[in-house]
Amino acid sequence: MIRVFVLSFLLAFQFLFLAGQIVQAKGIYYMVKEDGTLCITDIPNSRKYKPYKFEKTINYIRNAIVAFKRDHRSVKEVNTIVSSLCSKYEVDKKLVMAVIDVESGFDAAAVSTAGAQGLMQIMPETGRDLDLEDPFDPSENIDAGIRYLRYLLDTFPDRRLAVAAYNAGPNAVKKYGGIPPYAETQNYVEKVWARLQYYE
């Protein structure tokens with residue numbers, strides 16, 4: 001039987017952590033419904049469920065709880081934010097929309113298994129470098145993501161290389177002198193390019 005729990009489940013894990021208990025969980029997935037309801041399960045029956053990586057740090061759990069409280073942002077709302085910021089930083093809006101589409105599927109609460117957060121899936125270390133205070137705030141996340149993308153576009157005039165660097169890091173692109181031979185990165189670049197047509 002599929003076991004689906006709400007936010008109290010995650011809060012219980014937080015309590016156990018504080019009590020000194022060892023938290024071990026495998027194959028846990030979460031989804032935030034349109035009405036903001038959080039669902040957690042160990043047997044996902046929809047692609048809307050995303051894997052949740054439990055780590056034994058209270059800050060990670062607190063950040064996840066904050067993320068779960070965020071609702072799914074519509075493409076229209078994201079488009080409005082992106083339009084304004086792309087004009088400010090002179091970055092192609094279609095490219096940014098495609099990156100957000102591939103990175104998070106327009107889910108402002110997205111948290112990857114590697115720890116990347118928000119609409120543009122910014123890693124905590126990168127967020128600190130970009131002075132990103134709230135990675136789950138759509139405007140702040142997109143602003144930081146576009147600024148980072150602007151830096152990569154200036155570093156790699158070839159847009160495909162800039163997009164590859166967004167996924168694999170600039171050092172990897174410099175090391176290989178092109179798109180790194182990583183299946184994930186190569187597929188990522190292709191996915192972004194395939195979605196560009198939807199945002200003409």
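In which loop is Pro44 found? In this predicted model, Pro44 occupies the loop between β3 and β4 (50–51). Because its relative accessibility is 34%, Pro44 counts as partly exposed. Beyond its neighbours within four places in sequence, Pro44 is in contact with Tyr29 and Tyr49. Tyr30 lies 14 residues from Pro44 in sequence, and the C-alpha atoms of the two residues are 8.3 Å apart.

Tyr30 also has a bridge partner in β3, namely Ile40. Strand β2 (residues 29–32) and β3 run antiparallel and are joined by four bridges. In a regular strand, side chains alternate between the two faces of the sheet. Within β3 (residues 38–41), Leu38 and Ile40 point one way, whereas Cys39 and Thr41 point the other way; all of these residues are buried.

In soluble globular proteins, nonpolar side chains tend to be buried together. The largest nonpolar core here comprises 40 residues, and those with the most contacts inside it are Val96, Ile100, Met120, Ile142, Ile146 and Tyr166. At least two residues of this core come from each of α3 (75–89), α4 (93–104), α6 (138–155), α7 (159–168) and α9 (183–196). The greatest contribution to this core is that of α6, with seven residues. When residues up to four places away in sequence are not counted, Val96 touches Val82, Cys86, Val91, Met120, Ile146 and Leu149. Another core, of eight residues, lies apart from the largest one; Val32, Leu38, Tyr52 and Val111 are among its members.

How values were computed
Residues numbered from 1 in each chain as written. Predicted model: local features only at pLDDT ≥ 70, side-chain atom pairs only at ≥ 80, totals over all residues. Heavy atoms only, no water. Core = buried A, V, L, I, M, F, W, Y, C linked by side-chain atoms within 4.5 Å. Buried < 20%, exposed > 50% of the residue type's maximum accessible area, 1.4 Å probe, protein only. Contact = heavy atoms within 4.5 Å. Pairing = 2+ DSSP bridges.
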